[in-house]
Amino acid sequence: MATLRLTSATLRPAASPSSAAAPRSANFARAAARGFPSLRLAPPRRRGDLARRRAAADSAAEGYATALSEVASENGTLEATVSDLEKLEKIFAEEAIAEFFDNPTVPRDEKAQLIDEIAKSSELQTHVINFLNVVVDNGRAGLMTQIVREFENAYNSLTGTEVATVTSVVQLESQDLAQIAQQVQNLTGAQNVRVKTRIDPELIAGFTIQYGRDGSSLIDMSVRKQIEEIASEFEMPAVTLDV
């Protein structure tokens, strides 16, 4: 599946100096104090610590997502916030973004310039800009994808929403996506269904639907799947010839 990338023109920090990062709101600051872990420098760990490091990263991502969901709930902006985080997810799919923000040798004002550019181009809400500043200040930009996933889980739980990811060769029409959402709602009994779309030319034609926590359920109606099934029917068992 093709990876969504931010263009190099958007990635380049503005040449003109930028003002300081947006001030954090009182509500956001309180939530951050409760749920946002601080960056701690430690010596390299041995391979045996990998599981603990992953668990710590998952816990940190959940903490950030929980704090942000509390702010969005208080502000009544859950829908707009999940939309903003989808934009950040696409931007941070480019590893160079997280590496830039987590690099301690990059001056803070340069990071602020890029945050400002991202905020303006993506039309982010103020509390989401504040959230992004906190993540960057704590050296946690590399967790953005995990944070988005955890926030979506929190959002889904709060709103009774099921997320369906529809992957197709070309963008489907809105009426087709609405029918897919209705079918997923019938299958899951969810109060709401949010449809996310992805483009993958390798499917040849047709589409796939993933839903459930972490996309655990799959409906595959792609031509690639049909070809694979047809090919499997023509597979012949190995035959040993006696000479």
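**Ground rules.** I number residues from 1 along each chain as its sequence is written, and my side-chain values use heavy atoms, with hydrogens and water left out. Because the model is predicted, local features need pLDDT of at least 70 and side-chain atom pairs count only at pLDDT 80 or more, while totals for chains, interfaces and linings use all residues.

**Entry 1: the sheet.** I took helices (H or I, at least four residues) and strands (E, at least two) as DSSP runs, numbered from the N terminus. Two strands pair if DSSP finds at least two bridges between them. I found an open sheet of four strands, in the order β2-β1-β3-β4, with mixed pairing. β2 (192-199) and β4 (217-222) are at the edges with a single partner strand each, so one side of each has no neighbour in the sheet. On average, neighbouring strands are turned by 15° against each other, direction ignored. For angles I used lines fitted to C-alpha atoms, for helices over the stretch in contact; angles run from 0 to 180 degrees between N-to-C directions.

I then looked at β3 (residues 206-211), which pairs with β4 in the antiparallel sense over six bridges. Tyr-211 stands opposite Ser-217 in β4. Helix α9 (residues 174-188) packs on the sheet and touches β1 (161-168), β2, β3 and β4. The direction of α9 makes about 130° with that of β2. Contact here means heavy atoms within 4.5 Å.

**Entry 2: Thr-165.** I located Thr-165 in strand β1. Thr-165 is buried, at a relative accessible area of 19%. My cut-offs are under 20% for buried, over 50% for exposed, and partly exposed in between (1.4 Å probe, protein chains only). Beyond its neighbours within four places in sequence, Thr-165 contacts Lys-196, Arg-198, Thr-208, Ile-209 and Gln-210.

Entry 3: Which residues of α5 (residues 95-102) are buried? I list Ile-97, Ala-98 and Phe-101. They cover an arc of only 90° around the axis, so they sit on the same side of α5. That arc is taken from the directions from the helix axis to the C-beta atoms. The face turned away from the buried side carries exposed Glu-95 and Glu-99.

I counted two aromatic pairs in the structure. Phe-92 and Phe-101 have ring centres 6.0 Å apart and planes at 25°, so this pair is stacked. Phe-100 and Phe-101 are edge-to-face, at 5.5 Å centre to centre and 70° between the planes. Rings of Phe, Tyr and Trp (its six-membered ring) pair if their centres lie within 6.5 Å; planes under 30 degrees apart are stacked, over 60 edge-to-face, the rest tilted. Phe-92 is buried at 6%, and Phe-101 is buried at 0%.

**Entry 4: salt bridges.** I searched the whole structure and found six. The criterion is a side-chain nitrogen of Lys or Arg within 4 Å of a carboxyl oxygen of Asp or Glu. In one of them, Asp-137 meets Arg-108, with the closest N and O atoms 2.7 Å apart. Asp-137 lies in helix α7 (residues 126-137) and Arg-108 in helix α6 (residues 108-122), so the pair ties together parts 29 residues apart in sequence.

Glu-152 and Lys-196 form another, at 3.0 Å between the closest N and O atoms. Glu-152 is in helix α8 (residues 144-159) and Lys-196 in β2, so this bridge ties together parts 44 residues apart in sequence. Are these two buried or exposed? Glu-152 is buried, and so is Lys-196. I also noted that salt bridges link Glu-89, Glu-152 and Lys-196 in a network.
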